[in-house]
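Q: Got a model here I'd like to go through. Can you take some quick questions?
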Amino acid sequence: MVLTALGAFALCLAMAGLQIDGRVPGRFPLYVGVVSAAALGLHATLRLVAPWADPLPLPLATLLNGIGLTVIWGLHHVRGTDTNEADRQLAWTVIGTVLCCAVLLVVRRPQRLQRYPYLAAAGGLVLILLPMLPVIGIEVFGARRWIGIGDFTVQPSEFASILLIVFLAAYLGLKREVLGTAARHLRLGRVKVFSLPRMRDLGPMTAAWGVAILLLVGTRDLGTSLVLFSVFLAMLYTATGRKSWVGIGLAMFSAGATAAYLMFWHVRQRVAIWLDPFGPDVYTEHGGSYQLVQGLFALADGGLFGTGFGEGRAAEIFASDSDLILISIGEKLGLTGLMAVVLALLLLAERGFRIALGSREVFTKLMLTGFAFLLAFQVFVVLGGVTRLIPLTGLTTPFLAAGGSSLIANWIGLGLWLRVSDSARRPPVPAVPTPAEDATVSLRLNGAHTRTFAEGGDGGVTPSTRATPQG
């Protein structure tokens, strides 16, 4: 399957070069060779240290990463600019796979991560708050999601999400029974409509809501705060099974988003773009709906089978290689290619949920649920934004979009996926009987009663269990 994914990447890259220049790209051997070495090296490491891991996530991630690299190269080559962005994406791919290998080698027992919940929470909050600092924080179109040191920029929230999911899995695994307790039920006749939690248990919900609002106010980034809070709600529902928590959380976040709409101009602008993108005032306004409308036209141009890499308008759209890369895929490969990519993302998320279902421990079950939901919800937010289903938020598509922070964080998360799947799918080791168990003697009395005796400390025999009579 890894070889199939690499073959699809090589075919896609060769096709892009033939459609643009009429020849295979000059960087074809470099790109295919480096990606193949990284993927096959990771595969070999996986077979050695985690042989029971799910075999599907690595080929799917390799396929998505290769398609993203091809689209990024094609967009920049059509523009007539250099291919530095594609070269950087190749470098991020290598770094991401190396860190994925490191996770497999270092995290031998993922359940041990639950020993450091508050350290993970502190690290995640520090990363979230870094863009708010006046010196290193970078603001783009009203949102502060990046930190910069010289020419090097990082989006810390991509790495913060991993730490926060680890913290939530550890915390909710310990508190799930308390949080699942309902104070009273609201009924219509004999039908239960809603279960209200106890007021003293609202602390975690209030804290998560406060962090989301702090992130929204401090960075003015509605997309990241929405994704992180939604992941918290999904993990809380998984831990408790209470729909009331989801309802209360959505109501609280809606109140915070409404306040943000009234306070920040760029949130109001995003909503205006969503409601009326073709309005002349909205379209021609600085930072208006031009990007979204051109993306919709590009999707329409793609049709069923795409325009190919040599034609189309996606190369001229701002952020077509990052925030709007699904638009570029839809134009170049058509509805057929876009559906194939979305199906690969869906299958990757499905494998994450399947691994979570197969996990034997609550902590790993919750952690994998958080990672799988994060990927699925992020794709929904991105695809919904570029197709006007919801307001455009400016998030990146996992494994596809240009940018080192997102790609490296995705590969690190995949390393945890694979390690947990190895633990979940590995056959249990038969227990070795202890001397005390060897001393257990079973006696059948009269064929009706079975009494088990264990050797006592004084050398005598004491009864330990009694079975019910048969017949």
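Q: How far apart are aspartate 422 and arginine 419 in helix H15, in helical turns?
A: About one helical turn, because aspartate 422 and arginine 419 are three residues apart in helix H15 (residues 404–425). Helices here are DSSP runs of H or I, at least four residues, numbered from the N terminus. This is a predicted model: local features need pLDDT of at least 70, side-chain atom pairs count only at pLDDT 80 or more, and totals for chains, interfaces and linings use all residues. Residues are numbered from 1 along each chain as its sequence is written, and side-chain values use heavy atoms, with hydrogens and water left out.

Q: How do the side chains of aspartate 422 and arginine 419 meet?
A: In a salt bridge, 3.5 Å from N to O. The term means a side-chain nitrogen of Lys or Arg within 4 Å of a carboxyl oxygen of Asp or Glu.

Q: Are both buried or exposed?
A: Both aspartate 422 and arginine 419 are buried. Buried is under 20% relative accessible area, exposed over 50%, partly exposed in between (1.4 Å probe, protein chains only).

Q: How many salt bridges in the whole structure?
A: Nine. One of them joins aspartate 54 and arginine 351, with the closest N and O atoms 2.8 Å apart. Aspartate 54 lies in the loop between H2 and H3 and arginine 351 in helix H13, so the pair ties together parts 297 residues apart in sequence.

Q: Which residues are in the salt-bridge network?
A: Asp54, Glu350, Arg351 and Arg354.

Q: New topic. Is methionine 339 buried or exposed?
A: Exposed, at 52% relative accessibility. Methionine 339 sits in helix H13 (residues 325–358).

Conventions
Helices (H or I, at least four residues) and strands (E, at least two) are DSSP runs, numbered from the N terminus.
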